[in-house]
Amino acid sequence: MLAYSDASVLVVEDEAAQRELLSYNLQKEGLRVVAAGDGEEGLLLADEEEPDLIILDWMLPHVSGIEVCRQLKRHNRTKHIPIIMLTARGEDADRIRGLDTGADEYVVKPYSVTVLLAQVRAMLRRTRPSSMGEQMSYGDIVLDAEQHKVTRGGKLHKLGPTEYRLLTVLIERPGRVWSREQLLDRVWGHDSEIDFRTVDVHVGRLRKALNQPGKPNPIRTVRGTGYSLDYDA
Ligand code: CA
């Protein structure tokens with residue numbers, strides 16, 4: 001089994017035994033786990049941690065799972081995070097309601113932990129391929145997350161660790177414009193004290209590291225906003 005490098009999962013489940021069982025099994029898979037016992041805490045942690053995946057129980061006290069889902073999908077910081085909804089209700093109408101609200105998968109309780117873990121892996125492979133050791137490419141640039149290798153047009157390029165992480169973030173969503181703050185969070189972590197100019201410095205280094213004579217600069221500067229991996233190869 002693959003040890004994930006940096007993917008995180010938020011579990012929102014009010015039943016303590018269920019929450020602990022799930023958290024334990026996800027951690028055993030090498031995932032970073034944060035857990036919440038109700039919807040409000042779930043919303044708070046989703047905003048703070050920006051996890052790569054959320055496992056969300058439907059039946060929660062106070063704020064229901066459906067409402068949590070709705071709010072997550074309304075906010076810019078959290079709307080891209082895939083959600084697996086857990087519920088004891090199996091009826092089609094509820095299933096449709098769950099999907100309408102923005103849940104990406106729907107798992108009926110009682111569920112098999114093994115099956116749920118397989119769904120988690122499948123989803124992360126789609127949404128966070130680097131965390132699953134997958135190979136990713138954009139244009140003529142290929143990043144092999146298992147071997148930590150970057151090539152452009154078949155030629156090997158040596159990148160520093162920060163530039164490598166930066167490219168990993170960018171190549172997972174080509175065309176997306178990332179603000180300096182978002183890149184800071186993703187590459188250096190939420191608690192880092194470095195300033196935005198450091199992001200500019202490392203983007204500069206990454207450009208230089210990927211440079212090949214006669215080929216376009218793959219990273220676009222979006223004035224006043226940030227950066228994007230976006231070019232005509
Ligand atoms: Ca519940």
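**Sheet, calcium site and helix packing in a predicted model**

Ser8 touches Arg32, Glu50, Pro51, Asp52 and Leu53, leaving aside residues up to four places away in sequence (contact means heavy atoms within 4.5 Å). The model is a predicted one, in which local features need pLDDT of at least 70 and side-chain atom pairs count only at pLDDT 80 or more, while totals for chains, interfaces and linings use all residues. Residues are numbered from 1 along each chain as its sequence is written, and side-chain values use heavy atoms, with hydrogens and water left out. Ser8 belongs to strand E1, which covers residues 8-12; helices (H or I, at least four residues) and strands (E, at least two) are DSSP runs, numbered from the N terminus. With a relative accessible area of 6%, Ser8 is buried (buried means under 20% relative accessible area, exposed over 50%, and partly exposed in between, with a 1.4 Å probe and protein chains only).

Strand E1 is part of an open sheet, in which 5 strands follow the order E2-E1-E3-E4-E5 with parallel pairing (two strands pair if DSSP finds at least two bridges between them). Strands E2 (32-36) and E5 (105-108) stand at the edges with a single partner strand each, so one side of each is left without a neighbour in the sheet. From one strand to the next, the twist averages 20°. E1 and E3 run parallel and are joined by 4 bridges. Val11 has Ile55 in E3 as its bridge partner. Helix H2, residues 39-49, packs on the sheet and touches E1, E2 and E3, and its direction makes about 145° with that of E2. For such values, axes are lines fitted to C-alpha atoms, for helices over the stretch in contact, and angles run from 0 to 180 degrees between N-to-C directions.

Attention now turns to the metal. The calcium ion is coordinated by Asp14 (OD), Glu15 (OE), Asp57 (OD) and Met59 (O), at 2.1 to 3.1 Å. Donors here are N, O and S atoms within 2.8 Å of the metal (3.2 Å for Na, K and Ca), and water is not among the atoms, so sites may look incomplete. Along the sequence, the donor residues of the calcium ion are spaced D-E-x41-D-x1-M. Glu15 lies in the loop between E1 and helix H1 (16-28), and Met59 in the loop between strand E3 (53-57) and helix H3 (65-74), so the pair ties together parts that are 44 residues apart in sequence. Glu15 is partly exposed at 39% relative accessibility, and Met59 is partly exposed with a relative accessible area of 48%.

The helices come next. Two packed helices are described by the angle between their axes and the distance between the axes. H1 packs against helix H5 (residues 113-127) at an angle of about 55°, with the axes 11 Å apart. This makes H1 oblique to H5; angles under 35 degrees count as roughly parallel, over 145 as roughly antiparallel, 65 to 115 as roughly perpendicular and the rest as oblique. Where H1 and H5 meet, Leu21, Leu22, Asn25 and Leu26 of H1 face Val113, Leu116, Leu117 and Val120 of H5 in contact. For helix H6 (residues 161-172) and helix H8 (residues 196-210), the axes come within 9 Å and cross at roughly 85°. H6 and H8 are therefore roughly perpendicular to each other. Thr162, Glu163, Leu166, Leu167 and Leu170 in H6 meet a group in H8 made up of His202, Val203, Arg205, Leu206 and Leu210.

Lys109 and Pro110 are joined by a cis peptide bond, with omega about -5°, and Pro110 sits in the loop between E5 and H5. His62, although not a glycine, has a positive phi of about 65°. This histidine, His62, is found in the loop between E3 and H3 and is exposed, with a relative accessible area of 76%. His148 likewise has a positive phi, of about 55°, although it is not a glycine. The loop that holds His148 lies between strand E7 (141-144) and strand E8 (149-152), and His148 is exposed at a relative accessible area of 55%. Asp191, in the loop between helix H7 (180-188) and H8, counts as exposed at 71% relative accessibility.
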